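Welcome, and please open your viewer. We will take this stop by stop, with something to select at each one.

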Amino acid sequence: MNFSISNRLSKIPFSSIREIFEEAATMEKSGINITHMEIGRPDFDTPQHIKDAANTALQQGNVHYTSNSGTLEFREAIAEKLKRDNGIIVDPQREVVVSVGCKEAIFNLIFAFINPGDEVLIPDPAWLEYQYIVELAGGIAVSVPLLEENEFLLNPNDVRDCVTDKTKMILINTPHNPTGAVLPESYLKELADISIKHDLLVVSDEIYEKLIYDGEKHISMATLPGMFERTITINGFAKAYAMDGWRLGYAAGPAALIQPILKMHQYNTSCATSFAQFGGTAAYRGTQTPVEEMVKAFDERRKLLVSRLNEIPGVNCVVPKGAFYAFPSFKELGLPSKELATILLREARIACVPGSAFGNHGEGYIRMAYSTSYDKIEQAMDRMQKVINSLRVKR
Ligand code: PMP
């Protein structure tokens with residue numbers, strides 16, 4: 001038997017960070033205590049009122065398929081939220097589709113709009129799934145560098161340089177994974193102008209919207225003049241509401257862009273889990289106090305982590321303004337980031353992700369999630385400081 005996998009899939013690698021995860025798991029099994037700073041998810045529990053809403057829905061027999069787009073009540077709650085928080089006005093009937101996590105919405109929209117040979121502009125470094133989903137669809141992922149000297153902001157001039165007559169789509173993610181950068185309005189406006197000039201479809205992944213610090217303001221691309229009709233806004237519940245395991249997200253925008261996504265979604269998952277959607281409705285309609293508390297805790301840890309990193313000679317960390325990641329540079333050490341991540345795991349017992357896992361421009365950096373307790377971060381940084389100092393002595 002020779003069940004060869006499709007050409008499409010054989011071109012895509014397994015995640016390059018698997019070895020780090022596997023080694024961390026093996027170390028833990030043998031009793032070694034690891035500080036987990038690799039996982040991109042909150043360490044908090046889902047707020048109780050959200051769990052209660054899902055529990056009640058389950059008990060009341062909401063166990064069947066919902067409308068493919070999601071329950072109307074949930075879509076209405078999403079439309080209310082988009083109006084209240086973002087200033088985006090959508091019709092819940094035709095302009096919102098609920099998905100199994102943001103990831104499914106992104107997968108669906110790429111398959112709905114990208115033909116083989118179409119170019120998609122993707123920031124580098126970025127959440128790697130963007131690139132691979134585009135490649136699975138036969139598209140060409142074109143990386144636009146994010147540079148430390150520009151605080152990892154997506155530079156409109158670099159975007160302009162990458163546009164060709166094959167460019168169909170640009171993906172933006174603010175606040176950004178892995179750098180924590182938040183795109184200011186002036187940048188968004190320039191990016192909007194470029195998109196209009198070159199007739200680009202814009203995907204705005206706003207999953208980290210609520211995790212934002214230092215008085216920064218999140219601005220949705222869809223609200224800029226002329227942008228609603230060409231922007232698909234992606235958001236979800238994994239980060240702000242600690243609901244990553246619930247697998248709930250959505251795409252919103254004009255019907256002409258959302259209905260093709262709905263068509264893909266019908267052939268993909270049909271609908272998101274019925275009772276999870278009741279939890280999502282409660283998340284948007286209920287108290288936002290738990291979100292504020294989580295953001296406050298993240299902010300304290302962020303300040304600790306960044307100041308501790310910048311105290312280490314040879315390490316430089318741009319202050320992240322959003323999400324829950326720091327993306328320090330270890331370039332002075334001259335080690336490939338994968339090798340450094342392995343050393344940090346083995347010698348400092350810190351699991352983190354090599355920057356190269358997020359694209360070529362991530363080489364020389366490490367992504368550290370501060371979705372672990374303040375005390376654990378403090379102790380981990382003591383260990384890291386020692387390991388980095390001894391590496392510098394050896395070199
Ligand atoms: N977009 C970005 C930028 C992410 O970092 C993640 C998850 N780490 C996702 C989308 C996927 O979100 P979800 O869990 O809702 O599928």
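At our starting point, a residue counts as near a molecule or strand if one of its heavy atoms lies within 4 Å of it. Select the ligand and the 13 residues around it; Cys102, Asn177, Asp205, Tyr208 and Arg247 come nearest. Before going on, know that this is a predicted model, in which local features need pLDDT of at least 70 and side-chain atom pairs count only at pLDDT 80 or more, while totals for chains, interfaces and linings use all residues. Residues are numbered from 1 along each chain as its sequence is written, and side-chain values use heavy atoms, with hydrogens and water left out.

Now colour that shell by class: six residues are nonpolar, three polar and four charged. Here Ala, Val, Leu, Ile, Met, Phe, Trp, Tyr, Cys and Pro count as nonpolar, Asp, Glu, Lys and Arg as charged, and the others, Gly among them, as polar. Next, select helix 5 (residues 101–113), which gives the shell its largest share, three residues. Helices (H or I, at least four residues) and strands (E, at least two) are DSSP runs, numbered from the N terminus.

Move to lysine 239: an N or O atom of its side chain is 2.9 Å from a nitrogen atom of the ligand. Then pick arginine 247, with a side-chain N or O atom 2.8 Å from a ligand oxygen. Of the 400 Å² of accessible area (Shrake-Rupley method, 1.4 Å probe) that the ligand has on its own, the protein covers 92%.

Stay on arginine 247, which has a positive phi of about 55° although it is not a glycine. Its place is the loop between strand 7 (231–236) and strand 8 (249–252).

Two prolines come next. Select proline 125, in the loop between strand 3 (119–124) and helix 6 (129–136); the peptide bond to it from aspartate 124 is cis, with omega near 10°. Then select proline 175, in the loop between strand 5 (167–173) and helix 8 (185–197). The peptide bond from threonine 174 to proline 175 is cis too, with omega near -15°.

Finally, zoom out to the whole protein, with its 13 helices and 12 strands. Along the principal axes, its C-alpha atoms fill a box of roughly 60 × 60 × 55 Å.

Conventions:
A polar contact is a pair of N or O atoms within 3.5 Å; within protein, one must be able to donate a hydrogen and the other to accept it, and residues adjacent in sequence count only if both atoms are side-chain atoms.
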